[in-house]
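Dear colleague,

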Amino acid sequence: MKRLFAFLLVVIVGLLGVMAARALMLPAPVGPAAATKMVAVDEATAAQRLSGAVKFATVSTASGGPIDTAAFRGFHDFLATAFPRVHASLTLEKVSALSLLYTWTGADTTLAPIVLMGHMDVVPVPESNLREWTHGPFSGDVADGYVWGRGTMDDKVTVLAVLEAVEDMLSRNERPARTVYLTFGHDEEVGGRFGARAMVDSLVRRGVKPALVIDEGGVMATGAIPGVSGLAAVVGIAEKGYLSLRLTARAQGGHSSMPTERTAVGALSRAIAALEANQFPLSLDGPTRGMVEAMAPYSPFSQKMVLANLWLTGPLVARMMARVPTSAAMLHTTTSPTMLSAGIKDNVLPPEATAVVNFRIRPGETQQTVMARVRDVIADSMISIVPTDSARTDPSPISDPASPAFALIASTIRGMVPGQSVPVLPYLVGGGTDAKYWGPHSSNVYRFLAVPLEQGDVSRIHGVNERMSVKGYATAVTFFSQLMQHLDQLK
Ligand SMILES: [Zn+2]
């Protein structure tokens, strides 16, 4: 017994020794950037232009559905007036009638170009919560240090910030080291099947092989990393896939006074309950593992011991992350029942009951593997399972967090907050973006918007009281400006 105890003690001490050694061997965190001279953004004027942009109700409701083309054309005209130098110096093509593709020819056209993406459309505002908005969703009010309205975070902010940065460089007769394409879609919120896809196809046909593509998706925030107090940024290196399945239960209908042994409603309920009880397995791998590993050098020592030893602590870390829905979603394919319908009268057994379940597919799985598992879990011949008409996609390829493109984004972020050691981490984007259309054509696709998020901001996106701080907006303009001024560093 004594021997066993001694043996266990040796094992535990040895293990702790190994863990501590690995924690000590972690690379040093990337140090603070030196202060550089940055062009000052005229915050008030820039905010006014963002405000003007919000006033156009460029709403997307359904892919291929009706579009308020007048709102989009009005918005295009607004951009031409607000950014005269851009429209005098860059080539503009309208793609699928309403999407905008600008070409800014660089100093050296033999270098691979870059692509800055954004989208002009916004999600609708439900009538039911209109009264909860402090300022009208299309008012563009500038009040209390914020620009208010739909699109101020998602994603007119990107479109306007990019144009603001280009206009400013043109005013100083600056030209980027390599060609810059600006692609602004008109249907991102409904899948981008007509806007982004057509623009990507068009550039690919021209032989464009971008050295860097940036779209929305990653963010920066203070205190975003547990145990790390300062500002941190996450840059999307992949996005999850998307699949909605319609489950239909069929049974004999009839009078509710004589129910059959199995009803359509009962069978469908059982199927949904089975899916919720059998979640897709959690796994700390791919971009999410990379994110956790990249956090380690910035963490306090006790946390370093855990993060530097994922070979041992991985399951524990995954379990902790799984407690919070936002981090849980990074670990697995998510299951969300979103629509349900059955029955027309209280005393009639419906012959059919249907539900839609939405899945966000993590890298490593596909639409096919998800369908197969759903069939296995439900295992009921009364239920048919078919994809809905919504756009569906496999997870995107994973871009390299050690690439020159990622390095340029990271150094641009760090350069904006000199004197601070800012973690810039790779990240798996849970929602879909227009960047997915580059997936098959480029391995240099990243997702990031340099707006410092504030408490509660995430729920404003697609929600009530979407707003952008005037200061935060200036940060986004500075980011794109600094990035475009350093394209020579992209190797
Ligand atoms: Zn968006």
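**Arg 467 and its surroundings**

Arg 467 counts as buried because it has 23 C-beta neighbours inside 10 Å; a residue is buried if 20 or more other C-beta atoms, placed from the backbone, lie within 10 Å of its own, exposed if 12 or fewer, and partly exposed in between. The model is a predicted one, in which local features need pLDDT of at least 70 and side-chain atom pairs count only at pLDDT 80 or more, while totals for chains, interfaces and linings use all residues. Residues are numbered from 1 along each chain as its sequence is written.

Arg 467 belongs to strand β19 (residues 467-469); helices (H or I, at least four residues) and strands (E, at least two) are DSSP runs, numbered from the N terminus. Apart from neighbours within four places in sequence, Arg 467 is in contact (C-beta atoms, placed from the backbone, within 7 Å) with Tyr 146, Val 147, Trp 148, Thr 152 and Arg 460.

Strand β19 is part of an open sheet of three strands in the order β4-β5-β19, with antiparallel pairing; two strands pair if DSSP finds at least two bridges between them. β4 (142-143) and β19 stand at the edges with a single partner strand each, so one side of each has no neighbour in the sheet. β4 pairs with β5 (residues 146-148) in the antiparallel sense over two bridges, and Val 142 stands opposite Val 147 in β5. Helix α15 (residues 470-485) packs on the sheet, touching β5 and β19, and its direction makes about 75 degrees with that of β19. Axes are lines fitted to C-alpha atoms, for helices over the stretch in contact, and angles run from 0 to 180 degrees between N-to-C directions. Helix α2 lies across β4, β5 and β19, running at about 10 degrees to β5.

**Helices α2 and α5**

The axes of α2 (residues 43-54) and α5 (residues 156-171) come within 10 Å and cross at roughly 135 degrees. The two helices are therefore oblique to each other; angles under 35 degrees count as roughly parallel, over 145 as roughly antiparallel, 65 to 115 as roughly perpendicular and the rest as oblique. In this contact, Ala 46, Arg 49, Leu 50, Ala 53 and Val 54 of α2 meet Lys 156, Val 157, Leu 160 and Glu 164 of α5.

With kind regards

How values were computed:
Two residues are in contact if their C-beta atoms, placed from the backbone, lie within 7 Å.
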